[in-house]
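Below is a short report on a protein chain, written to be read alongside its sequence and coordinates. Please look at the structure first.

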Amino acid sequence: MTRYLNGFFFTPVALGRVAAMRFLAGLFVWIEWWAYKPFIIQHRFLPEDLYQPLLIGRILPIPAPNYWIVTGTLAVCLASAIPMMFGYRPRLFGWILFIAYFEWMLIYNSYGKVDHASFGFMVLLLVLCMMPEARWGDREHLSQRVGWGFNLVQIAVVCTYFLSTWSKFRYGGLEWANSGVFTWAIIRRGTVFSDWLLDFPQLLTAAQWGMIAFELLTPLVLFVYPWKRIQYSIIAFFYAFHVAIFAALTISFLPHLFAMACFLPLERVDPKDLARRARAKLKGRKDTPDQRSRGEADPELSATG
């Protein structure tokens with residue numbers, strides 16, 4: 001058992017995955033502010049009386065958001081994400097990004113709605129601050145510290161699912177599974193892919209029980225780490241699940257999906273190598289003549305006389 005746990009927590013991981021996850025993390029920060037949650041920046045116009053900070057916001061001496069705090073926090077997030085994405089002083093700018101993004105999430109979650117989709121991503125940003133420098137496609141250099149850090153992110157990703165069921169039972173009890181939650185969700189934000197389900201209430205109730213079963217079983221993805229094909233298949237199912245949820249209810253867990261990428265062998269991706277192959281392939285096509293010149297003899301005819 002000890003060997004199994006040590007193998008899970010301290011499995012060496014290639015440094016190339018660190019470079020890939022840093023790029024993805026910075027990319028999401030840029031996507032979030034203008035596409036995923038563009039309304040956060042509008043908090044700079046809200047009166048301070050509406051600010052209801054989370055517990056951490058009440059413990060730390062953090063001032064209430066105003067125009068300059070919200071605008072400045074976003075500017076620091078975007079500015080620090082770029083050098084971290086491309087591996088320039090990634091630990092320094094990683095810490096700056098984590099602190100700024102922490103404040104950004106505090107601003108977002110302190111006006112009545114607390115979103116749990118960013119939990120795994122926050123853990124990812126914190127872990128990346130303590131990772132060594134790395135380059136894309138590096139599969140030769142392995143690190144147990146990297147494996148330990150990414151395992152923490154994986155646990156955070158699983159907790160996002162598993163503790164969601166605990167929250168359902170905490171506030172709704174077992175009756176949550178037999179309620180009309182999915183019916184209400186489809187009425188409020190359904191699409192052409194889900195509206196037809198309103199004619200089958202029993203199917204929606206079964207889907208709610210299926211949701212609970214799915215969330216309770218998600219820790220299995222951690223225990224099958226020795227069998228990578230099985231683990232990757234489960235992660236593919238997770239991604240497919242979120243695609244289906246988005247198609248049915250337009251609910252996106254985008255930061256969660258970015259964090260979940262740490263399960264994948266991204267160290268196998270080398271953009272420079274891919275670019276070289278693409279250029280070589282394109283050059284090979286250009287060097288191949290489309291048709292022979294009329295004066296050139298056919299080599300097969302010449303060989304046979």
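## Glycine 180 and its loop

Glycine 180 sits in the loop that links H7 and H8; helices here are DSSP runs of H or I with at least four residues, strands are runs of E with at least two, and both are numbered from the N terminus. Its relative accessible area is 42%, so glycine 180 is classed as partly exposed. The classes are buried under 20%, exposed over 50% and partly exposed in between, computed with a 1.4 Å probe on protein chains only. Between glycine 180 and valine 146 there are 34 residues in sequence and 44 Å in space, C-alpha to C-alpha.

## Basis of the model

The model is predicted: local features require pLDDT of at least 70 and side-chain atom pairs pLDDT 80 or more, while totals for chains, interfaces and linings use all residues. Residues are numbered from 1 along each chain as its sequence is written, and side-chain values use heavy atoms, without hydrogens or water.

## Annotated spans

An unreviewed UniProt entry lists "transmembrane region" for residues 7-31, 67-86, 93-111, 117-134, 146-164, 206-225 and 237-266. These positions follow the numbering used here, feature names are shortened, and annotations may be inferred rather than shown by experiment.

Two of the spans can be described from the model. Residues 93-111 are 84% helix and 0% strand, with end C-alpha atoms 28 Å apart. Residues 206-225 are 80% helix and 0% strand, and their end C-alpha atoms lie 30 Å apart.

## Glutamate 215

Is glutamate 215, at 6% relative accessibility, buried or exposed? Because its relative accessibility is 6%, glutamate 215 counts as buried. This residue belongs to helix H9, residues 201-217.

The side chain of glutamate 215 makes a polar contact of 3.1 Å with that of lysine 168. A polar contact is a pair of N or O atoms within 3.5 Å; within protein, one must be able to donate a hydrogen and the other to accept it, and residues adjacent in sequence count only if both atoms are side-chain atoms. Beyond neighbours within four places in sequence, glutamate 215 is in contact (heavy atoms within 4.5 Å) with Tyr161, Phe162, Ser164, Thr165 and Lys168.

## Helix H11

Helix H11 covers residues 228-249; its 22 residues should span 32 Å at 1.5 Å a residue, and the end C-alpha atoms are 31 Å apart, which agrees. The expected span is 1.5 Å times one less than the number of residues. Buried residues in H11 are Gln231, Ile235, Phe238, Phe241, His242, Ala248 and Leu249. They lie on the same side of H11 because they cover an arc of only 150° around the axis, taken from the directions from the helix axis to the C-beta atoms.

The buried residues of H11 pack against H7 (144-172), H8 (181-189), H9, H10 (220-223) and H12 (254-260). Exposed Arg229 and Val243 are on the face turned away from the buried side of H11.

## Positive phi values

Threonine 250 follows H11 and lies in the loop between H11 and H12. Its phi is near 55°, a positive value in a residue other than glycine. With 36% relative accessibility, threonine 250 is therefore partly exposed.

Arginine 89, also not a glycine, has a positive phi of about 45°. Arginine 89 is in the loop between H4 (67-85) and H5.
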